[in-house]
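This report goes through one protein model, from its sheet to its helices. Please keep the sequence and the structure in view while reading.

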Amino acid sequence: MSDFGHRAGAALILGASGGLGGACARMLLERGSDVALTYFRSPSSLDGLLTAAAETGRRARTWQLDLSDADQTGEVVAQAAAEFGGLHTLVYAAGPHVPMRHLSKVAPADFRGQILDDVSGFFNAVHAVLPHLRESKGSIVAITTAGTARFPVRDGWSRAPH
């Protein structure tokens, strides 16, 4: 299938080292897209995606990224756009670790920090990528939380910003 074979540029998958981000990257590769992949801590977790890209005849490159750093986020987005000749899709599958604790056991300062990190990271990414998506008439896919459809026990933190 080549849904993306006609599109210039690549899909940028933030959080490609995670399960959902990795699955999105594989699907995009299978459907004809080159991919720009980010990770926070574990570059080796992207080895399978690099292999999958080579097997499908697509291009892939990786970047380490801390989404809380707006300048670094802008630099990675600019490098990815330059490397692939543009960006046609942003997949946001990244975010801070969400401790699975009852909200009654979460300190307000910890909750505030979590929300700021989550929302700021998303904003930093979207702010940097919007000019590229406007040019390509591209799309944003935000993978957030299962809590939008149901309320998992001890998962108040991931649901709060949504």
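The model is predicted, so local features need pLDDT of at least 70 and side-chain atom pairs count only at pLDDT 80 or more, while totals for chains, interfaces and linings use all residues. Residues are numbered from 1 along each chain as its sequence is written, and side-chain values use heavy atoms, with hydrogens and water left out.

Five strands form an open sheet in the order 3-2-1-4-5, with parallel pairing. Strand 3 (60-64) and strand 5 (139-142) are at the edges with a single partner strand each, so one side of each has no neighbour in the sheet. From one strand to the next the twist averages 15°. Helices (H or I, at least four residues) and strands (E, at least two) are DSSP runs, numbered from the N terminus. Two strands count as paired if DSSP finds at least two bridges between them. Strands of a sheet pair through backbone hydrogen bonds, either parallel or antiparallel.

| Strands | Bridges | Residue pair |
|---|---|---|
| Strand 2 (residues 34-39) and strand 3 | five bridges | Ala36 and Arg61 |
| Strand 1 (residues 10-14) and strand 4 | five bridges | Ala11 and Thr89 |
| Strand 4 and strand 5 | four bridges | Leu90 and Ile140 |

Helix 2 (residues 47-56) lies across strand 2 and strand 3 and runs at about 160° to strand 3. For such angles, axes are lines fitted to C-alpha atoms, for helices over the stretch in contact, and the angles run from 0 to 180 degrees between N-to-C directions.

Thr62 is a residue of strand 3. Buried means under 20% relative accessible area, exposed over 50%, and partly exposed in between (1.4 Å probe, protein chains only). Leaving aside neighbours within four places in sequence, Thr62 is in contact (heavy atoms within 4.5 Å) with Leu37, Tyr39, Leu46 and Leu50. Leu12 is 50 residues from Thr62 in sequence, and their C-alpha atoms are 9.9 Å apart.

**Strand 4 and helix 4**

Strand 4 (residues 87-92) is mostly covered, as six of its six residues are buried. Val126 is placed in helix 4 and is also buried, with a relative accessible area of 13%. Not counting residues up to four places away in sequence, Val126 touches Leu90 and Ile140. Leu90 and Ile140 are themselves bridge partners, Ile140 being in strand 5.

**Helix 3 and helix 4**

Two packed helices are described by the angle between their axes and the distance between the axes. The axes of helix 3 (residues 70-84) and helix 4 (residues 108-136) come within 9 Å and cross at roughly 30°. That makes the two helices roughly parallel, a term for angles under 35 degrees. The crossing of helix 3 and helix 4 is right-handed, meaning that the near helix is turned clockwise from the far one by less than a right angle.

Helix 3 contributes Ala70, Thr73, Gly74, Val77 and Ala81 to the contact, and helix 4 contributes Asn124, Ala125, Ala128, Val129 and His132. These residues divide into six nonpolar, four polar and no charged. Ala, Val, Leu, Ile, Met, Phe, Trp, Tyr, Cys and Pro count as nonpolar, Asp, Glu, Lys and Arg as charged, and the others, Gly among them, as polar.

Technical notes. Parallel < 35°, antiparallel > 145°, perpendicular 65-115°, else oblique.
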